[in-house]
Amino acid sequence: MSDTAQKTVLIADDESHILNVVSLKLKNAGFRVLCARDGNEALEMALAEKPDLLITDYHMPGLNGLEVASRLRQSETCRNIPAILLSARGYNLNEADVRESGIRMQISKPFSPRNLLGLVNEALGIAA
Amino acid sequence: MADHPDNFASKASYGTDSKTELDADLCRELEQTARQLRTAGAWLGVIGNAGNDQIEIDWRSAVVDSINQQADDGFKGVRWSSIVTTERLFTTCQLGLLRLVVMPPLERSSGMHPVLAAPLQHETAGVHQERDMLVLAGLVHARLVESLRNVALSAEVESLSMQLGNSYEEVSLIYHLSGGMTVNQQPKRYLQDLCLEVMQVANVRGMGVMLQLGAPGDDSFEISGDIKLPGHIVARLGLDITRVLREKQVAMVINQIRTSEFEYVSPFVTRMLAVPVMRQDLLLGAIVSFDKIGDEFSTADSKLLLSIANQTGVFLENAGLFSDLNSLVMGLLHSLTSAVDAKDAYTCGHSQRVALLARQIAVQAQLPASFCERVYMAGLLHDVGKIGVPETVLQKPGKLTAEEFEQMKDHVEIGAKILRDVKQVEDLVPGVRHHHERFDGRGYPDRLSGVQIPLLARLLCLADCFDAMTSNRTYRKALPIEVARMEIQRCSGTQFDPELADSFLAIPVEVIRDTITSVGEMPIPETLRAPAAISAETSNIVPLLAA
């Protein structure tokens with residue numbers, strides 16, 4: 001708890017049930033959680049709050065998940081924020097585009113919140 | 001925070017025994033509102049009926065401090081009915097140096113009334129004060145009602161999110177499991193993986209899986225996880241669960257094992273959930289969860305386990321059908337090659353040996369495992385075209401005439417024609433057609449050379465020639481293995497693909513000797529033995545056809 005207490009995770013998804021489930025899971029694990037409902041809000045919040053990790057949906061109004069991640073790469077202060085992409089199962093994203101955006105982790109919906117928490121810990125270098 | 005005078009949780013009670021506990025959310029909202037009111041010179045508290053028309057007070061200590069004993073004493077002897085006239089109206093009254101507005105009780109406040117209090121002002125200002133306090137109390141009350149509703153709603157959202165999160169886990173588990181159901185996977189392996197996954201999601205201490213129920217000496221009840229049962233208990237439990245599930249054919253939930261018929265496992269297990277794995281009406285087995293951590297098994301648990309059991313049933317049925325089909329195809333192939341080999345007593349077992357040798361070379365050359373299995377099949381079928389060659393030619397002792405040799409050469413094209421229209425083996429046709437081509441281009445039927453010759457055909461050629469040399473023929477005795485190997489070496493690069501010849505020569509002589517001597521009664525190939533758990537009745541096809 002103590003080493004995750006200060007970590008902030010920003011979640012961006014236009015589906016509120018995903019936001020609710022993921023933020024509850026992460027809050028219960030001791031993280032501070034911020035929620036954004038579209039790509040533009042996600043980018044603004046990320047630039048302002050400088051979270052330790054971004055979890056972003058691919059399909060969102062405004063910017064999509066890869067665009068949000070790419071824009072963060074261009075920011076001096078946010079370029080090293082790791083990101084996890086949520087994508088729909090069976091929707092094949094171009095691997096090169098994903099790599100280009102700097103996103104190294106993906107999980108496809110429907111995902112297991114438990115597995116997502118595992119990825120979050122991995123991304124932040126927290127031993128499970 | 002603990003020292004703050006507005007802390008309702010550390011309430012200063014009036015009266016002898018305060019029985020009423022305030023809801024934690026209500027306390028928090030009251031404290032927050034009280035803090036703001038204090039800046040306006042007013043206090044907020046709650047009072048209720050302690051019984052016998054006496055007043056019970058839950059009053060923040062600040063009021064007690066400020067108004068002092070006088071106010072405190074002021075409540076003594078005051079009758080509850082004189083303050084609260086009706087449940088729904090705001091009532092004003094005067095007590096000692098305080099003016100009070102008693103509000104209707106809030107939800108979750110156990111009948112306690114919020115009370116707004118302020119020091120009594122000069123008499124001339126009194127009328128205004130009373131009116132202002134009523135307005136303020138109305139706003140305060142509305143705010144408290146609204147906050148409590150919000151608190152309740154967020155609690156509900158949280159609870160729904162929790163449930164939804166569990167559903168996500170379940171859906172993702174079922175996705176994952178169905179993804180792992182490939183027909184060529186071993187059912188047992190599949191079920192072991194399944195147990196590990198389910199244990200995490202269902203939050204149970206152990207899982208058990210039973211298959212092939214009722215078989216004599218059945219020890220297939222396998223338990224994984226943190227449950228250790230002695231062998232005889234496992235056996236008894238397996239039989240009992242089977243009996244109950246066979247009768248009921250629905251989930252069996254036991255949350256009190258001590259008072260159930262499974263009392264004998266109570267030293268090891270406290271709760272149990274068992275569901276049947278069915279194929280149509282036939283009980284194939286059971287999946288059992290032991291000891292849900294920190295809770296009883298619910299209908300949601302049994303539903304999840306049932307849907308997994310249903311999927312498992314479908315998976316086992318498919319695996320059974322796949323195994324049956326595989327057995328059938330392989331059985332037909334074996335009978336076909338037996339028919340070919342039977343035309344010539346001297347070549348008995350030749351197809352089988354070529355199949356084994358060719359596969360061995362392919363494995364040695366580190367070709368993919370799936371390809372090695374196709375090589376085996378092609379080996380079995382490579383001479384199938386000999387069905388169309390007269391027996392007088394096949395069995396002729398001594399040298400063939402030019403015309404007879406042409407007839408003999410036809411077997412590769414006849415074989416290709418026979419197999420061309422069988423979907424399961426059409427990929428083997430090039431191997432069959434070209435297995436008499438030579439690496440230097442002097443073979444038949446198309447005089448292909450080098451890598452123009454399909455890899456399959458180059459493999460078959462090598463295995464075919466080697467077995468021909470080491471078998472007795474109508475026209476000569478078998479050559480010793482060592483001599484035949486030297487012959488392969490000598491013809492490497494002319495007759496044979498030199499890389500494959502090297503692979504072949506790298507196989508130890510004893511391995512090759514074991515392989516060619518193992519063929520006699522035509523063994524059942526490994527691929528047919530695979531999912532033995534499933535269909536005892538249909539797997540008999542193979543030995544029958546092969547015999």
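**View 1. Residues of helices α2 and α3 of chain A that meet.** In this predicted model, G39(A), A42(A), L43(A) and A46(A) of α2(A) meet E67(A), V68(A), R71(A) and L72(A) of α3(A), where contact requires that the C-beta atoms of two residues, placed from the backbone, lie within 7 Å. Five nonpolar, one polar and two charged residues make up this contact of α2(A) with α3(A); Ala, Val, Leu, Ile, Met, Phe, Trp, Tyr, Cys and Pro count as nonpolar, Asp, Glu, Lys and Arg as charged, and the others, Gly among them, as polar. Helices (H or I, at least four residues) and strands (E, at least two) are DSSP runs, numbered from the N terminus. Local features need pLDDT of at least 70 and side-chain atom pairs count only at pLDDT 80 or more, whereas totals for chains, interfaces and linings use all residues. Residues are numbered from 1 along each chain as its sequence is written, and chains are lettered from A and ligands numbered from 1 in the order in which they are written.

**View 2. The axes of the two helices.** The axes of α2 (residues 39-49) and α3 (residues 65-74) of chain A come within 9 Å and cross at roughly 25 degrees, with axes being lines fitted to C-alpha atoms, for helices over the stretch in contact, and angles running from 0 to 180 degrees between N-to-C directions. The helices α2(A) and α3(A) are therefore roughly parallel to each other, a term for angles under 35 degrees.

**View 3. The contact between chains A and B.** Chain A gives 10 residues to the contact and chain B gives 13 residues. On the side of chain A that touches chain B, α1 (16-28) and α5 (113-123) of chain A each supply at least two residues, and the largest share, five residues, comes from α1(A). The residues on this side of chain A divide into five nonpolar, three polar and two charged.

**View 4. The open sheet of chain B.** Five strands of chain B, in the order β8-β7-β11-β10-β9, form an open sheet with antiparallel pairing, two strands being paired if DSSP finds at least two bridges between them. Its edge strands, β8 (222-225) and β9 (252-254) of chain B, each pair on one side only. Strands β10 (residues 272-279) and β11 (residues 282-292) of chain B pair in the antiparallel sense over eight bridges, and P276(B) has A286(B) in β11(B) as its bridge partner.

**View 5. Helices lying across strands of chain B.** Helix α6 (residues 231-248) of chain B lies across β7 (204-211), β8, β9, β10 and β11 of chain B and runs at about 120 degrees to β11(B). Helix α7 (residues 299-342) of chain B lies across β9, β10 and β11 of chain B, running at about 30 degrees to β10(B).

Terms used:
Angles under 35 degrees count as roughly parallel, over 145 as roughly antiparallel, 65 to 115 as roughly perpendicular and the rest as oblique.
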